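Take a walk through this structure, one step at a time. Begin where two chains meet, then follow the links inside each chain.

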Amino acid sequence: SQQGEEDPQALSIQEGENATMNCSYKTSINNLQWYRQNSGRGLVHLILIRSNEREKHSGRLRVTLDTSKKSSSLLITASRAADTASYFCATDGINTGTASKLTFGTGTRLQVTL
Amino acid sequence: DSGVTQTPKHLITATGQRVTLRCSPRSGDLSVYWYQQSLDQGLQFLIQYYNGEERAKGNILERFSAQQFPDLHSELNLSSLELGDSALYFCASSVGTGSFNGYTFGSGTRLTVV
C-alpha cells in the first residue's frame, strides 16, 4: 500500500514558471525524500529532509516538511523542459525494525512546455 | 549511469513460466532493494537484502523469491507467472541498512507476461 499521496496527480506549466507538488503521508517518519523518474526510466534521488528539519534547498529545489500535518512540498523554481518527469515522495517510516525501507507515494506527472 | 546494473532490460515470457532478474549494486553498497512498479499499484516494495541476509519483506508474493550472493549481486526469481505480474521491476542499493543517503536505482527490467 502507498504511504504517500501526491497532489496534484498531473501538472502542466510553461518554462520559467515554478512548479509545486505536495505529498501527504500517514505514519511517523525518520526522513522524507523526493525522487524524479523520466518516462520508463529508473528513479533519481533529488533531496532528503529529516524529520527534525522544516526546510531544505538544493539548487532550484526547495522542500518543506510539516510533521504535525504529515505533509511535504517540493518546489521547483524557474522550470525547464528537462524537468518534465514524474516526481515521487518517499518516506522512511519509524518502527520498521532493524531495516529501513522507503515507501513511495503515487507521484505527480510534471509537464513543462516551451 | 547510476552504478546499479539491472539485466535484462526487457523480458517477454508466457504465463506459467519462471524468470530471473539480476541486479548488481553500486560499488560499495551493501543493501539491495527490489521494487515493482505497475500502473495500478504504483511502486511497491518487495524485499531488502543487506550483505547477503534478508532484512525486510514487503508485498512480495510467495511465487517470488530473491537472494543476495557473496559478491553482493542479487537475483529476483518470479515463477508461475501471471498476466498481472507484468510490470517494471527496479533494483536499488544503498550503503547501509538505512535510507539516510537515499537509494540509487537501476534502470529497471520491463517484464511482459503474455
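About 1,700 Å² is buried between chain B and chain A, and carbon and sulfur atoms give 51% of this area. Buried area is the accessible area (1.4 Å probe) that two parts lose on being put together, summed over both. This is a predicted model: local features need pLDDT of at least 70, side-chain atom pairs count only at pLDDT 80 or more, and totals for chains, interfaces and linings use all residues. Residues are numbered from 1 along each chain as its sequence is written, chains are lettered from A and ligands numbered from 1 in the order in which they are written, and side-chain values use heavy atoms, with hydrogens and water left out.

What holds the count of contacts here? On chain B, 25 residues are in contact with 21 residues of chain A. Contact means heavy atoms within 4.5 Å. Between chain B and chain A there are seven residue pairs in polar contact, both at pLDDT 80 or more. A polar contact is a pair of N or O atoms within 3.5 Å; within protein, one must be able to donate a hydrogen and the other to accept it, and residues adjacent in sequence count only if both atoms are side-chain atoms.Strand 4 (31-38), strand 5 (42-50), strand 6 (53-57) and strand 9 (87-94) of chain B each supply at least two residues of the side that touches chain A. Strands (E, at least two residues) are DSSP runs, numbered from the N terminus. Strand 5 of chain B gives the largest share of that side, five residues. The residues of this side of chain B divide into 10 nonpolar, 13 polar and two charged. Ala, Val, Leu, Ile, Met, Phe, Trp, Tyr, Cys and Pro count as nonpolar, Asp, Glu, Lys and Arg as charged, and the others, Gly among them, as polar. The count of salt bridges between chain B and chain A is zero. A salt bridge is a side-chain nitrogen of Lys or Arg within 4 Å of a carboxyl oxygen of Asp or Glu.

Now look inside the chains. A disulfide is a covalent bond between the sulfur atoms of two cysteines. Here the term covers cysteine sulfur atoms within 2.5 Å. The structure holds two disulfides over all chains. One joins A:Cys23 to A:Cys89, S to S 2.0 Å. This link of A:Cys23 and A:Cys89 is right-handed, with 65° about the S-S bond. A:Cys23 lies in strand 3 (residues 19-24) of chain A and A:Cys89 in strand 9 (residues 85-93), so the pair ties together parts that are 66 residues apart in sequence. A:Cys23 and A:Cys89 are buried. Buried means under 20% relative accessible area, exposed over 50%, and partly exposed in between (1.4 Å probe, protein chains only).

In chain B, B:Cys23 and B:Cys91 form a disulfide, with sulfur atoms 1.8 Å apart. Why is this disulfide left-handed? The torsion about the S-S bond of B:Cys23 and B:Cys91 is about -45°, so the disulfide is left-handed. B:Cys23 sits in strand 3 (residues 19-24) of chain B and B:Cys91 in strand 9 of chain B, 68 residues apart. Both B:Cys23 and B:Cys91 are buried.

Charged side chains come next. Over all chains, the structure holds six salt bridges. In one of them, A:Arg62 meets A:Glu55 at 3.1 Å, N to O. A:Arg62 is partly exposed at 30%, and A:Glu55 is partly exposed at 39% relative accessibility. In chain B, B:Arg26 and B:Asp29 form a salt bridge at 3.1 Å, N to O. B:Arg26 is partly exposed at 33%, whereas B:Asp29 is buried at 1%. Shared partners join B:Arg63, B:Glu82 and B:Asp85 into one network of salt bridges.

Definitions and conventions: Helices (H or I, at least four residues) and strands (E, at least two) are DSSP runs, numbered from the N terminus.
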